[in-house]
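Subject: Structure for your files

Hello,

Here is the structure, with the sequence alongside. My notes on what was found follow below.

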Amino acid sequence: MFDTILLPTDGSDHAETAAETGIELATVHDATVHVACVADTGPLGDLRLPGDATSAEDAMRGRAQDHVDAIVDRAEAAGLEVTGTVLEGPPESELLEYAREIAADVIVMGTRGRGGVHRLAMGSVTDHVVRFGEIPVLVANSGAHPDEDAS
């Protein structure tokens with residue numbers, strides 16, 4: 001039923017829970033996993049960090065790659081065929097475009113990401129993907145309470 005599963009991540013606990021669910025689902029269906037993190041570089045691309053020659057954009061890409069690598073390692077350890085990528089741009093549109101590119105059968109993502117209490121019921125990226133995507137979305141609830149995200 002599922003041959004290609006997209007696991008978006010932002011490194012949050014919610015994304016980690018979704019990744020566990022997605023890896024289990026992929027194992028059951030012997031599906032290929034695509035892990036993606038979007039470096040939402042926006043207008044910060046030319047900003048230089050104090051005491052460092054690295055741009056904010058490069059730092060965001062590096063963090064995104066770390067998030068992707070962690071889940072790729074877990075999927076590989078589960079014996080799955082997996083690909084990891086860092087995308088750039090607005091997360092909502094980049095994830096939907098990438099899902100179409102890889103012909104994803106399902107997107108497995110967390111209820112919320114790093115946005116914390118901005119969207120208590122469901123993260124704005126998840127909400128957008130559910131509302132505007134044509135690919136089924138499995139939303140994995142981490143069980144964390146909204147006030148826990150505030151810290």
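Just after helix α3, A103 has a positive phi of about 55 degrees.

Before the rest, the basis. This is a predicted model, in which local features need pLDDT of at least 70 and side-chain atom pairs count only at pLDDT 80 or more, while totals for chains, interfaces and linings use all residues. Residues are numbered from 1 along each chain as its sequence is written, and side-chain values use heavy atoms, with hydrogens and water left out.

Overall
The protein chain has four helices and five strands, in the order β-α-β-α-β-α-β-α-β along the sequence. Of its 151 residues, 42% are buried, where buried means under 20% relative accessible area, exposed means over 50%, and partly exposed lies in between (1.4 Å probe, protein chains only). Among contacts with a separation of 6 or more, 74% are between residues 24 or more positions apart; a contact means heavy atoms within 4.5 Å.

Helix α3
In α3 (residues 91–101), the buried residues are P91, E94, L95, L96, Y98 and A99. Their cover includes β1, β2, β3 (82–88), β4 and α4 (124–132).

Helix α1
Helix α1 covers residues 13–29, and its 17 residues should span 24 Å at 1.5 Å a residue, which agrees with end C-alpha atoms 24 Å apart. The expected span is 1.5 Å times one less than the number of residues. Buried in α1 are H14, A15, A18, A19, G22, I23, L25 and A26. They lie on the same side of α1 because they cover an arc of only 165 degrees around the axis, the arc being that of the directions from the helix axis to the C-beta atoms. On the other side, D13, E24 and V28 are exposed. The buried residues of α1 pack against β1 (4–8), β2 (32–39), α2 (56–77), β4 (106–110) and β5 (137–140).

Strand β4
β4 runs parallel to β1, joined by two bridges, and L6 stands opposite I107. β4 also pairs with β5 in the parallel sense, over four bridges, with V139 of β5 as the bridge partner of M109. Strands count as paired if DSSP finds at least two bridges between them.

Nonpolar cores
A nonpolar core is a set of buried Ala, Val, Leu, Ile, Met, Phe, Trp, Tyr and Cys residues joined through side-chain atoms within 4.5 Å. The largest has 25 residues, of which I5, L7, V33, V35 and V108 touch the most other members. β1, α1, β2, α2 and β4 each give two or more residues to this core, and its largest share, seven residues, comes from α2. Apart from this core lies another, of 14 residues, among them L87, A99, I102 and I135.

Leaving out residues up to four places away in sequence, V33 touches I5, L7, A26, L80, E81, V82 and T83.

Regards
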